[in-house]
Amino acid sequence: MSNAEPSLHEVLANQIPAKQAELKELKEKYGDKVLGNVTVDQCIGGGRDVKSLYYETSLLDSEEGIRFRGYSIPELEDLLPSFKGDPKAGAPLPEALIWLLLTSEIPSVAQTAQLTEELRSRSKLPAHVEPMIRAFPKGMHPMTQLTIAINACQTESKFYKAYHDGTPKTDYWKPVLEDTLDVIAKMPEIAALIYRCSFKDGIVGKPGPGLDYSASFCRMLGYDNPDFDELMRLYLVIHSDHEGGNASAHTTHLVGSTLADPYLSISAGLNALAGPLHGLANQEVLGWIQDLEANFKKEGKEVNRDTITEFAWDTLNAKKVIPGYGHAVLRKTDPRYECQRQFALKYMPDDPLFKVVSTIYEVMPDILTQHGKTKNPYPNVDSHSGVLLWHYGFTEYNYYTVLFGVSRAMGALSQVFWDRALGMPLERPKSVTAEYIKKYFDEK
Ligand code: CMX
């Protein structure tokens, strides 16, 4: 990188005082103003729309979808460097997105390349982790393996050491930045080892020189196809962040607020991602489609609008959810679904499974509207991701949430960095009992 271009560390070091001043001003100017009211429904119903989390890296609008540091997904596709440099020449690079999430700035091609190299240099796993993953029992869920392996890497935490060496609070951000980059760098190594040991021959591919983060990950997984590399880049960008209230980001932030280090924080967050109402929905979608196909195959029927409708009603009448549909915040089709659909239209328009997913999209919003429960009958990100992976022969669908996790670490840990740089406090909202609520209102 040319001398004129500041490094990631320098950019962040310069930004921190201004950000701290901004937060101080927010508190001084608006601290005693009321930001919405909490109803008893919100208290009992999972805190929907309660504005009680401060989050830097992204913001979700119920109609428009996600913006990362103010940029929508189409804007990122236009602005972030691609593997060939020019943003127009391909999918945005996750390294460029990490830079943006951390600094709010669009990185140059040179800064992005520098981060690729920096991540590569931090990617080696501690010696005890590989034998541990190899010793996991066959059949242990890949997400369980992922979170155990990240916890096991915590022996390397620079923040843990710095804290116990007495580093002052004002300097926490330095070792937290180190840990953030180390964890993001190690994630593909861990994830690839889990994949190769769980489903293949246990041999992890060796990425050649000059490859970016995503293509290196693909080689380690055992995939060598430029279109699949592009998919991985897009996948890792769009799954990275979805503001602070979702269960994985929120858990990471909460655990980090106890000054647990970034390894322990993201591992906790990824345990939340492993729930079927959150990231595990991407595996459930493929399972649902497999069950749908198997169900009608035995009757000699094909998958079409009618059979999908019948199967959807069977699912709903069995009091189960349709995976990949609905959202706690969104009230429109998820833009992350849209951009994956655009990818499919470009790279695999005739793929049979893509056609099934498209037909589900044609009928499901009406079915869910008729069913009358969900506030959002439209598809979310998890509805589309599996079919794209499946197209390239990546059919081990109970692994899919691991890919989501590799990506989610980028957003959730960028926020943990800022949490410590801004000196955010321990998170500790108030809980109440039924007696408390009754007394509160009855006495009024
Ligand atoms: N199928 C059937 N029923 C659904 C539904 C779906 N896809 N989505 C919501 N509902 C139901 C809820 O279960 C709830 O029923 P009860 O009143 O019986 O409890 C009712 O509709 C109202 O729910 P909501 O306010 O619309 O949605 P929530 O904020 O409570 O939940 C979510 C959001 C995502 C958990 C829910 O839509 C769901 O279960 N979807 C399927 C799982 C899924 O795709 N999750 C992935 C989300 C994205 C991600 O985090 O990765």
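Q: Which residue is the bridge partner of Leu59 in strand 2?

A: In strand 2, Leu59 has Arg67 as its bridge partner. Strands here are DSSP runs (E, at least two residues), numbered from the N terminus. This is a predicted model, where local features need pLDDT of at least 70, side-chain atom pairs count only at pLDDT 80 or more, and totals for chains, interfaces and linings use all residues. Residues are numbered from 1 along each chain as its sequence is written, and side-chain values use heavy atoms, leaving out hydrogens and water.

Q: How many bridges join strand 1 to strand 2?

A: Two strands pair if DSSP finds at least two bridges between them. Strand 1 (residues 58–61) and strand 2 (residues 65–68) run antiparallel and are joined by four bridges. A hairpin of three residues links strand 1 to strand 2.

Q: Which residues are closest to the ligand?

A: A residue is near a molecule if one of its heavy atoms lies within 4 Å of it. The ligand is surrounded by 22 residues, and the closest are His278, Gly324, Lys373, Lys375 and Asp382.

Q: What lies 3.0 Å from an oxygen atom of the ligand?

A: A polar contact is a pair of N or O atoms within 3.5 Å. Here, an N or O atom in the side chain of Asn380 lies 3.0 Å from a ligand oxygen atom. A polar backbone atom of Ile322 is 2.9 Å from a nitrogen atom of the ligand.

Q: Is Val40 buried or partly exposed?

A: Buried means under 20% relative accessible area, exposed over 50%, and partly exposed in between (1.4 Å probe, protein chains only). Val40 is partly exposed, because its relative accessible area is 31%.

Note on methods:
A polar contact is a pair of N or O atoms within 3.5 Å; within protein, one must be able to donate a hydrogen and the other to accept it, and residues adjacent in sequence count only if both atoms are side-chain atoms.
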